[in-house]
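This report covers one ligand site and one residue of the structure shown below. Please have the sequence and the model open while reading.

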Amino acid sequence: MTEYRQGIGWDIHRLAAGKKLILGGVEIPSEAGLEGHSDADVLSHAITDALLGAAGLGDIGLHFPDTDPRWRGADSTTFLRHALRMLRERRWRVVHVDSTVVLERPKLAPHREAIRRRLAAALELEPECVSVKFKTAEGLGPAGEGRAAEAHAVVTLSRDA
Ligand code: C5P
Ligand code: MG
C-alpha cells in the first residue's frame, strides 16, 4: 500500500529598492528585490514549509530560525535540500510540487523554466514534477501595491508500506 500526504506553505516578504529578487533560487532582474534574513526567496520558503508540513515536521522557523547568524544571507535552496533529507530519513518521497508567486512586477513568466529547473535540481525531481505559476494582485493589498511578494505552495509526498 502507498500512503500519500499533502502539505501547504505560504510566505510573504517586503519588496525594497536595491535588494536582489531571488525566486526558486533564480535571480530575476528587477528594480526592487526582497528583504529578509536569508536571501528572502519567498518561493523556496513556501515550498520548504509545504514539505515540512506534509511530513508533520513543523515549519521553516523551527529548523532555520531567523535569529541564527548561520542563515544570514543564506541561499534558501539549502532549506529545500535540508527538508528533503529529513523527509528521506522518514522514507517519504516527493511526488509533486505546485506553487504560485504573487508579484505585481516584473513579469516572471520568461523565467518559469529556469525556476522549475533550479527547484527540481534542489529537490532531485524532474522539472515536470515542479509547477510554478505567477499572478499579479490586480493592484490590491501589499502585493498589489508593489510592497511585497507572496508565495503559496502545495506538495504531495508518497511512502510505500
Ligand atoms: O495576475 P494576472 O491574472 O493578470 O496574470 C496573468 C498572467 O501573467 C499570469 O498567468 C502569468 O503567466 C503572468 N504573470 C507574470 N508575472 C507576474 C504576474 C503574472 O508573468 N509577476
Ligand atoms: Mg520567508
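Which residues are around ligand 1? In this predicted model, the residues around ligand 1 are Leu-103, Pro-106, Lys-107, Leu-108, Ala-109, Arg-112, Phe-134, Lys-135, Thr-136 and Glu-138. Sorted by class, the shell consists of five nonpolar residues, one polar residue and four charged residues.

## Polar contacts of ligand 1

A nitrogen atom of ligand 1 lies 3.1 Å from a backbone N or O atom of Pro-106. For Leu-108, a polar backbone atom is 2.9 Å from a nitrogen atom of the ligand.

Lys-135 takes part through its side chain: an N or O atom there is 2.7 Å from an oxygen atom of ligand 1. Ligand 1 taken alone exposes 460 Å², and the protein buries 72% of that.

## His-45

Where is His-45 placed? His-45 belongs to helix α1, which covers residues 42–54. His-45 counts as buried because its relative accessibility is 7%, and the cut-off for buried is under 20%.

The side chain of His-45 is joined to that of Ser-76 by a polar contact of 2.8 Å. Leaving out residues up to four places away in sequence, His-45 touches Asp-11, His-13, Ser-38, Asp-39, Ala-40, Ile-60, Ser-76 and Phe-79.

How values were computed. Residues numbered from 1 in each chain as written. Chains lettered and ligands numbered in written order. Predicted model: local features only at pLDDT ≥ 70, side-chain atom pairs only at ≥ 80, totals over all residues. Heavy atoms only, no water. Helix = DSSP H or I, 4+ residues; strand = E, 2+ residues; numbered from the N terminus. Buried < 20%, exposed > 50% of the residue type's maximum accessible area, 1.4 Å probe, protein only. Polar contact = N/O pair within 3.5 Å; in protein donor to acceptor, adjacent residues only side chain to side chain. Contact = heavy atoms within 4.5 Å. Near = heavy atom within 4 Å. Areas by Shrake-Rupley, 256 points an atom, 1.4 Å probe, with all protein chains shown as cover. Nonpolar A, V, L, I, M, F, W, Y, C, P; charged D, E, K, R; others polar.
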